Amino acid sequence: MFRKIADLHIHSFYSDGTMSPEEIIIAASNKGVGLLAITDHDILDGSMELMKLCNSYDIKCIPGVEVDAVDNGVNYHILGYGINLANEEFSQFIKQNRNLLEEVNIKLIEKMEHDYDCVTLSDYTDFKYDKRKGGWKALHYFIEKGLTKSLLEGFMLYSKHEHSYNCVQFPSIEQVCKYIHSAGGKAILAHPGKVIKEANIDDFKNEILRIVNSGIDGIECYYPSHTREITNLCIEICKDRNLLITCGSDCHGEFEDSEIGEMNIPIEKLRLDDICKRL
């Protein structure tokens, strides 16, 4: 197991990826991944399916999810690992967060109704799309209505209408951590280099330390867009604070560019403690 690599941040078609859990585990096996997690956005179905599949493959799998939180107006993603997927309280919390995620899109549609004759909330509500194509419902709806030509182009409509995650009441980082802990899991700050916009490295460090104090158990130190400086700083913080160290490709299949296992991080370079002991 420990001669192989880890990828603990992958999205299936249950959220905004294009691959099924089985396609993910097959691709991971072909890439030499020995430790794997599906961490879909605010939904547990992909992880639940993966855990049923893993006994048929030479891969250890960790239950996971990626949870949206808002702190000081910024949308942070918190990875929950080692959670009890059967925990009813946690399951209900995740469902509520998933509904909030869709409410962000509904509120955008309500804004757009005033600007586009072809856009109506009732029409959007009835709209169906192929989840295997990645992304989410609103992005496909924009293409269907001829407003955009690609899924990624749909992102521009959010900024055009000055629309953000702040339009709904997402939980705080502290609240997310508490729910993850109550389900027996560990809370990991996902891709801080992607979210924290502090240009000064000292300010960046201080912001991570502030967030860690909200109940964070570890940091996703190894991430495709992290610079070496950010990676090393995150590892340093984890070692100083005795936090977990994780890695992930954030692969969404064909929806985005990253690939399963692309970080090529050996499992022994991570610090997973209790998460691995439960496997």
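Tutor: Start with helix H10 (residues 228–241), which lies across E7 and E8 and runs at about 150° to E7. This is a predicted model, where local features need pLDDT of at least 70 and side-chain atom pairs count only at pLDDT 80 or more, while totals for chains, interfaces and linings use all residues. Residues are numbered from 1 along each chain as its sequence is written, and side-chain values use heavy atoms, with hydrogens and water left out.

Student: Why is H1 called oblique to H2?

Tutor: Helix H1 (residues 21–30) and helix H2 (residues 45–53) pack at an angle of about 55°, with their axes 9 Å apart. Under 35 degrees would be roughly parallel, over 145 roughly antiparallel, 65 to 115 roughly perpendicular, and the rest is oblique. So H1 is oblique to H2.

Student: Which residues make the contact of H1 and H2?

Tutor: Contact means heavy atoms within 4.5 Å. On H1 they are Pro21, Glu22 and Ile25, and on H2 Gly46, Glu49, Leu50 and Leu53.

Student: What makes strand E1 mostly covered?

Tutor: Buried means under 20% relative accessible area, exposed over 50%, partly exposed in between (1.4 Å probe, protein chains only). In E1 (residues 5–10), six of its six residues are buried, so the strand counts as mostly covered.

Student: Why do E4 and E8 stand at the edges?

Tutor: Their open sheet has five strands in the order E4-E5-E6-E7-E8, with mixed pairing. Strands E4 (64–71) and E8 (244–247) each have a single partner strand, so one side of each lacks a neighbour in the sheet. Two strands pair if DSSP finds at least two bridges between them.

Note on methods:
Axes fitted to C-alpha atoms, helices over the stretch in contact; angles between N-to-C directions. Helix = DSSP H or I, 4+ residues; strand = E, 2+ residues; numbered from the N terminus.
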